[in-house]
Amino acid sequence: MLRRRVSKQVEEEEEAKTTSEYIVDRDPACELKESDTDDSSKSQHERQKDKLLQKKKEKKKRKGARRWGCLDVCCWFIGYVCVIWWFLTVLFNAMPSALPQFVMERMFTGPLPDPPGVKLRKEGLFAKHPVVFVPGIVTGGLELWEGKPCADGLFRKRLWGGTFGEIYKRPKCWMEHMSLNNETGLDPDGIRVRPVSGLVAADYFAPGYFVWAVLIQNLAQIGYEEKNMHMAAYDWRLTFQNTEVRDKSLSRLKSTIETMVQTSAGNKVVVIPHSMGSLYFLHFLKWVEAPVPIGGGGGPDWCASHIKATMNIAGPLLGVPKAFAGLFSAEAKDIAVARAIAPGVLGNDRFGLQTLEHMMRVTRTWDACMSMMPKGGNTIWGDANWSPEEGYACMKSKFAPDEHQVSTKIKQESAVDIGPHGKPFAHYGRMVAFGKEAAVLAYSAILEKRKGSPKMGSRNGKLHLNASCGDVWTEYHELSWDDMEDVANHDVYCADDLVGLMERVAPKLMVRGEENWGFGLADDLDDPKYQHFRHWSNPLETLLPNAPEMEVFCLYGVGILTERSYIYKVSPSTDTCNIPFRIDSSADGDSEGCLKGGVQFVDGDETVPALSAGFMCYKPWKGKTRFNPASSSSYVREYNHAPPTNLLEGRGTQSGSHVDIMGNFALIEDILRVASGQSGDEIGGDRIYSDLPTWSERINLKL
């Protein structure tokens, strides 16, 4: 805009100068003399005047012509694409139903495979066992039943799921209604948000983005209907026990399963949890056996009488490092990358829009997030000197390691741990490291450096008063500068340290966390303390039910880089109301674990590492162990990720991604076969593509 004004001013000055020169050249004296001259001289002056007027017209014409900029080109390009897409869509829908697929098959893709439901129906398989779906965190819809005046007109409208329109229309009102009471973990006064019921609760997360819809459709193709399918919707923000306290969700699930068995000629139920739903149903298995009032009073034989199989899809059975990062700094890989691309945007307070701070304030009231904190401590996840996945090379086309990579012998070279593959060890066991050096140096070198290095400069006082931070207040603002600096000066945090670290930076959150969740490893499962419900969702602190015929499946994707550990730094803007710690997105390196953007990666489904999703079924639950005294059969079924090959595949029929795997044809076929009566051995038993066997052998766990 300023450039245009300056250009306009220069043009006006040039025109004025030219006009003034013309007037000076033709002063009255000259004109008087010229009047006495001949007609040819007079015509010469007229021609000069005409030329001047013509130049002025040309300048005005050029001035009126609009120049095309980058924005104009982009807008027109988007417009053309939209028009062409609309035209092709109309043409596509106007064709006979079979013609578009026929054209695509002939021209691009070849014959498409039959969906699993169609394939198995041709084989003569039909519905037999009732099916119960247990959705995970955030995938189930939530609707408003009572709210504040700002939510007028939203009765029984979705606040979570669907179009998410209210986030944009009234964001502060939406956050107020999606938050829980920070003391009780239940509803705030005057607000009631409840789970949507029925299959529609989680068939689609948003318009066009399926979660359970593809699986439901394939089940329908072998004869399933709503009478023998059930979506066990629950409020995924609450602790698992509080879903029973407030909504009686566990009691209703128990009665539903009992009814489905009775109305299906005694056929037991196949339960299919996804993501955090695996932990929720693990809690249910102990709750239903426990005596009232703490449990459902079903007795020790209830599961044996009612459950045929539990088919955990992408279950974070041992937790996910990403859950800690979300609670600690309200970020993960994608947020850190966004911060690097557009510094300051996510924490900008110019319009009171401190996105991450608002996100942290809301999500830290969702106690269920703590259920996915890493479990088992250093025994499972490793410590500062070792981890089960050391030797994994993420850049290899196949994830099976070479023979020389299996060894985890550490070579000390320039104070950096160098593996036999010639690259620095990833040190996945250092789940949080402040600074890249703390992530790559030998731990002995870190301890030596810690002795001689000066601590960060101390500043007095609290980070902020509550009132100064207003709506974006978090528990960080109750802490002093000394507290924050002491956290960073510790350098390295392993799995055993994460709960203590969260207790320092989020004490109110962890008071509720300690009451409801267990993150450790039980030495003696017969100890009466493990009868408390806080241990029921931790597979390392509880027993599988007394159900010898029940089968347990761990079904998950592999072949995608998945977050395992993080490199942090102190935020440069800790003198504002921003979160004082953030992932150091500038930390990259040539390590075996592909250190990118401050994150170390391993094999998994992009959310859950393969170790967390598969270890329990591969080792602690395999055969008769102290975790599986009834010797229930367990199976590991991995699905190697392959991106979609054409547009007709949508999000992919071979995807191993955490949510997209719900449309994986191989996974759906396995589920349909079990639901129609086949056993785990009949569908092929274990199928493993990752290094899970090697990693499992490195974990020294008493069985």
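Which cysteine does a disulfide join to Cys554? It is Cys617, and the S to S distance is 2.1 Å. A disulfide here is a pair of cysteine sulfur atoms within 2.5 Å.

Some ground rules before going on. This is a predicted model: local features need pLDDT of at least 70, side-chain atom pairs count only at pLDDT 80 or more, and totals for chains, interfaces and linings use all residues. Residues are numbered from 1 along each chain as its sequence is written, and side-chain values use heavy atoms, with hydrogens and water left out.

Back to the cysteines. The link of Cys554 and Cys617 is right-handed, with 70° about the S-S bond. The pair links distant parts of the chain: Cys554 is in strand E14 (residues 551-558), Cys617 is in helix H25 (residues 610-618), and they are 63 residues apart. Helices (H or I, at least four residues) and strands (E, at least two) are DSSP runs, numbered from the N terminus.

Buried or exposed? Let me give the cut-offs. Buried means under 20% relative accessible area, exposed means over 50%, and partly exposed is in between, with a 1.4 Å probe and protein chains only. Cys554 has a relative accessible area of 1%, so Cys554 is buried. Cys617 is at 0%, so Cys617 is buried too.

By the distance rule, the count comes to 2 disulfides. The other one is formed by Cys150 and Cys173, with sulfur atoms 2.1 Å apart. This link is right-handed as well, with 80° about the S-S bond. It also ties distant parts of the chain: Cys150 lies in the loop between strand E2 (142-146) and strand E3 (158-160), Cys173 lies in helix H8 (residues 171-178), and 23 residues separate them. Cys150 is partly exposed, at 32% relative accessibility. Cys173 is buried, at 8%.

Two further cysteines, quickly. Cys82 is partly exposed at 47% relative accessibility. Cys494 is buried at 6%.

Now, aromatics. How many aromatic pairs does a search of the whole structure find? The search finds 26. Rings of Phe, Tyr and Trp (its six-membered ring) pair if their centres lie within 6.5 Å; planes under 30 degrees apart count as stacked, over 60 as edge-to-face and the rest as tilted. Take Phe553 and Tyr635. Their ring centres are 5.1 Å apart and their planes are at 25°, so the pair is stacked. Phe553 is in strand E14, Tyr635 is in strand E18 (residues 633-640), and the two are 82 residues apart. Both are buried.

There is also an aromatic cluster. Its members are Trp160, Phe164, Trp174, Phe205, Tyr209, Trp236 and Trp366. One of them, Tyr209, has the charged end of Arg651 over its ring, 3.7 Å from the centre. The charged end of Arg651 also sits over the ring of Phe210, 3.9 Å from its centre. The rule: NZ of Lys or CZ of Arg is within 6 Å of the ring centre and within 35 degrees of the ring normal.

Next, helix H9 (residues 213-220). It is mostly covered, with 6 of its 8 residues buried. They are Ala213, Val214, Leu215, Ile216, Asn218 and Leu219.

Last, the surface. Trp86 is found in helix H4 (residues 70-94). With a relative accessible area of 56%, Trp86 is exposed.
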